[in-house]
Amino acid sequence: MNESKEETVQLTHGAGGRAMGELLEKYVLNTFTNKSAGDIGLDQLDDGATIDLPGEGTLVLTTDSHVVNPLFFPGGDIGKLAVCGTVNDLAVMGAKPVALTSSLIVEEGFSIPELSRVMASMEESSRESDVPIITGDTKVLEKGAMDGLAINTAGVGFAKEPVSDAGMNPGDRVILTGTIGDHGMALMQYREGLSFRTELESDIAPLNDLLGVALEAGEITAMKDPTRGGIAAALNEMADKSGLGITVKEESIPVREAVSGIAELIGISPYEVANEGKAVITATHETAGKVVDALRSHPLGPEAREIGKVTEEWSEKVIMETEIGGRRFLEAPLGDPVPRIC
Amino acid sequence: MCLAIPGEVLAVEEDRATVDVGGVEQEVRLDTLSEDVAEGDYLLVHTGFAIQKLSSEEAEETLSLFDELIETNKQLEEEREV
Amino acid sequence: MKFKFKDRDRAEKLVRIINQKVPDRRIKIVHVCGTHEVAITENGLRSLLPDQIDIREGPGCPVCVTPTSDLDAALQLAESGAIVTAFGDMMNVPGTAKSLKELKSEGADVRLVYSVSEAIKTAKNTDKQVVFFSVGFETTTPMTAAVLKDDPPENFSILPSNKLIPPAMESLLELPDNRIDGFIAPGHVSTIIGVEPYEKLAEDYEVPIAIGGFEPLDVLYALALIINQIAEGEPKAENGYRRAVNYEGNEKSKELINEVFDVTDSIWRGIGTIPDSGLTLNKEYERWNARERFEIDPKEGVETPPNCLCPQVITARATPGECDLFREKCTPDSPYGPCMVGEEAMCNIWYRYGGRPKL
C-alpha cells in the first residue's frame, strides 16, 4: 500500500490542514531565505505579514487566491469571497484595510454575463466594507487550461499594533464571533447536490468593522479567521504557534441547528469546515466580557461568546470538554472531509 | 453499523414521506418499514430509507429506563449502608 | 431535541453505577460498530470510566472487512468503463494496486453516493452500465434489496459485499486468547435484526450482551447493563435501546433481505472466512449481480501488508497504540492497512481524535 512513487501534489495539500502545513514547510519555507520585512513574515504563516514603516507605524499585507467551486452558491459567490476574504485577513491582523487588488485568471469560453455578476459582487462587498479595489490584472487561458475563473486578491492595511495569531497568554479567554460551520456546510450541500430541501447559506461577511469595535473594547492578544479547516485548524494553529494549550467547552460553541443537522447526516464535523464571516479571538480574562458585549452589539456579532480558555498545560493541544462532561482532544483536520459511509 | 437519524414526518405520499431531519428536509422511502406512517410521526432514517418508527412516548420512556436503573442501584446502595 | 440524551446529571449517575459494580480485574468490552467508537471517542466517554474497563471496537467497519478481491473487482469494473458508485469510505481503501479514488483521479468514472437511491438515479440518467458497490451490514442491506425489488433500470447492477454481524461476533469469541467480558451490540443493526440473534450467543458463550444506542447516555446505559450482568453473574442478551429496537426487529426489512439475498460464507479482510456471514444475490435476482453480468478476473489480492496490526485490531486483540506503525508510518494520508482508512475503524478514529483513548 505504501509503494514509493513520484510525489505529486494532492487535493489535501490545499485543504488547510496538516498536509498543507507539511508541504509549505518543506518546499516553501525551507527554500526562501529572505522572508520578512517586519515582525511578522513568511515563517509565521499568519493571515498576513507586517511591514515596518519606521516612525510611521505598521503596514499589513496579505494575499489570497480564490478558486471556489461552484462560483455561485447560496449566500455569495467567488467575488464576494475574494473581497471579504482578504479584508478579513487584514482585519484579524488588527489592521484597518486600506486597499485591495484584484487579478483575474479566466478560462476561454467563460460567460461574460457571469463575469459581470462576479464583478458586481466584488463592487458590493468593496462598498460594504468600505475598501477600494485600486489595481489588478487580467489573464485569459485556453479552454481546458483551468476551470472557469480564479481570482487572486492582495490587500494592504494599516495597524497601530498588529495582532498575530500567536500572541495569546495563559489565562486568556477564547471567543468566537458567531456561529460555526455555516460556509463549509452550505458549500458542501450545494456542491454535492445533496437532495435536501433546506438550503444553507454561506456566512461570508467583511469583519473589519466588527473587529475594529472589538479591538477598542478590550485587550485582544490574538486573532485568526477560521477559514479552511474550520475552528479545529485555527485553534490548533494558535496553540501550536504559542506553545500553549486551549480548552474549550463544547456546549458553548454556537452551531446553527440546520448546520448540525446536515453535519450529522454526512458525518462531517462543523468544527472542521470553513467559516468566511467569523473570527477566533483571544482576550485577557479581565477584558473578555467587554469584548463579547461589544461584538454582540454589532449586527455581525449577535452570537458572539466565550468558548474556552488558554492554559499552560497540554501545550500545543486543544482539549474539548464534551457536553456530557468527558474530555477529548480536538485535533486539526487532515484534509478534505469525506462524507461518512451511510 | 452506522448513522440513522430521527426525523419528523411532515407529509406522506404512498411509500414516501417528507421528513424533517435536524432542520433539513429529506425525502424518505417507507418500503423498508412494516408499519404505517402518518404526519407527526418520528422515523429513524438511514440513507434515505425509514428503518423504525419512533414516538415521543418512547423517547420519554428512554429517560425512565435510565432513571429506573439509577434508582434501583441507589436503593441497593442504601440497603448496603444500613 | 427530544431524541438527544446527553445530560450530565444522568451521565454521572450511570457512571457511578459502573464504578460501584465493576469488578477489580480488567474488563474487556467489545462493540462492533464504528458509530459506537465515534460516539465513545467524540464524547470523551473513556475519560469518565474506571481504568479497568477497556472498550474496543471489533470488526465494525464495513470497509475494513471488505475483502481485497471485492475491491479489485470494483476497480476492474471501473477500468472497463462502467460507472462505479460507492459510499465515501470505500473510495479511499486500497485494493491490490490502488483505491477507487486514485482510479478516479486517473480518469475512471467513479462516483461517491450517499444512498443506493442515488446510484439508481445515476443509472436512470445514463446509457452506461452503473454498478453499485453494495457494502455494509444489516442496517444497509434492506435498502439495496428494496431498490432491486422496485424495477431497477436494466443498466444497473450491484457488486454484492454485504455482511452479517452476529456471526462476526461469534468468530471473535471463538478465537483463542481473546477473552471478552461483554459486548455492546450495534444499535441500528439490531433495529433490523432484533434481540433474538444475540440470545443464543449470550447463552452459548456465557457472555453479557447489551444492545446500545448512540447518544452518550445510551452508551453509558448499555455499559451499566453489562457491568450489572457481570456483577450478578447472569449473562444474557439485553435490549438497551428500546426506543429503536423491538424484540423481532424490523420484519419488513428482514423480509426484503430474505427475498433478494442468500446467506453465504464470506471472507472478512483480516479475519478470513466466517461461515454464513455474508450475503449474495439469490437465483431470482442474479441478473443484477455485477459478478454475473461482467467478466471479473478473480485475482488473489493482498489482504494485510507486513507489520500491519489491523487483523488484531479488528478482532479486539490489540489496540492501535500497540502497533509500531500507528501515527509514525501509518496515517490517514498514507495508510498501511484498511483500519486507518475506514472512518469507522479504530485506528482512523483514534488518529483523528488524538491518538489515545484517554486523556
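Is A:Thr284 buried or exposed? A:Thr284 is buried, with a relative accessible area of 9%. The structure is a predicted model.

## Surroundings of A:Thr284

In chain A, the loop between β11 (280-283) and α8 (288-296) holds A:Thr284. Leaving aside residues up to four places away in sequence, A:Thr284 touches A:Asp172, A:Glu219 and A:Thr221. Its relative accessible area of 9% counts as buried because the cut-off for that class is under 20%.

## Domains of chain A

Chain A is assigned domain 1 (11-159) and domain 2 (173-329). The centres of domain 1 of chain A and domain 2 of chain A, taken over C-alpha atoms, are 22 Å apart. In the contact, 31 residues of domain 1 of chain A meet 25 residues of domain 2 of chain A. Domain 1 of chain A and domain 2 of chain A bury about 2100 Å² between them, and carbon and sulfur atoms give 60% of that area. On the side of domain 1 of chain A, the residues that lose the most area to domain 2 of chain A are A:Pro74, A:Asn88 and A:Val92, which together account for 27% of what that side buries.

Across the interface of domain 1 of chain A and domain 2 of chain A, the rule finds 1 salt bridge. A:Lys224 and A:Asp47 form a salt bridge through their side chains, at 3.7 Å from N to O.

## Domains of chain C

For chain C the assignment gives domain 1 (1-306) and domain 2 (310-352). Their centres, taken over C-alpha atoms, are separated by 17 Å. Domain 1 of chain C contributes 32 residues to the contact and domain 2 of chain C contributes 22 residues. The area buried between domain 1 of chain C and domain 2 of chain C is about 2100 Å², with 66% of it on carbon and sulfur atoms.

## Strand β8 of chain C

Strand β8 (residues 209-212) of chain C has C:Ile209 and C:Ile211 pointing one way and C:Ala210 and C:Gly212 pointing the other way; all are buried. One partner of β8(C) is strand β7 (residues 182-186) of chain C, paired with it in the parallel sense over 4 bridges. In this pairing, C:Ala210 in β8(C) has C:Ile184 opposite.

Strand β9 (residues 237-239) of chain C also runs parallel to β8(C), and 3 bridges join the two. Here C:Ile209 stands opposite C:Ala237 in β9(C). Between β8(C) and β9(C) the chain passes through helix α11 (residues 216-232) of chain C, in a β-α-β crossover that is left-handed.

## Interface of chains B and C

What area do chain C and chain B bury between them? The value is about 3700 Å², and 62% of it lies on carbon and sulfur atoms. In chain C, C:Phe3, C:Arg10 and C:Arg243 lose the most area to chain B, together 18% of what that side buries. The contact takes 51 residues from chain C and 35 residues from chain B.

Between chain C and chain B the count is 2 salt bridges. A salt bridge links B:Arg29 with C:Asp150, with 3.1 Å between the closest N and O atoms.

## Salt bridges

Over all chains, a search of the whole structure finds 40 salt bridges. C:Arg327 forms a salt bridge with A:Glu331, where the closest N and O atoms are 3.6 Å apart. This pair crosses between chains: C:Arg327 is in the loop between α14 (310-314) and α15 (346-352) of chain C, and A:Glu331 is in the segment after β14 (327-329) of chain A. C:Arg327 is partly exposed at 32% relative accessible area, whereas A:Glu331 is buried at 5%.

Within chain C, C:Asp9 and C:Lys13 form a salt bridge with the closest N and O atoms 3.1 Å apart. These residues are separated by about one helical turn because they are 4 residues apart in helix α1 (residues 8-21) of chain C. C:Asp9 is partly exposed at 44% relative accessibility, and C:Lys13 is partly exposed at 35%. C:Glu106 forms a salt bridge with C:Lys98, the closest N and O atoms lying 3.0 Å apart. C:Glu106 counts as exposed, at 55% relative accessibility. In chain A, salt bridges that share partners join A:Asp47, A:Asp165, A:Lys224, A:Glu237 and A:Lys241 into one network.

Definitions and conventions:
Residues numbered from 1 in each chain as written. Chains lettered and ligands numbered in written order. Predicted model: local features only at pLDDT ≥ 70, side-chain atom pairs only at ≥ 80, totals over all residues. Heavy atoms only, no water. Buried < 20%, exposed > 50% of the residue type's maximum accessible area, 1.4 Å probe, protein only. Pairing = 2+ DSSP bridges. Right-handed = clockwise from strand over helix to strand, strands pointing away. Domains from an automatic or database assignment. Contact = heavy atoms within 4.5 Å. Buried area = accessible area lost by both parts, 1.4 Å probe. Salt bridge = Lys/Arg side-chain N within 4 Å of Asp/Glu carboxyl O.
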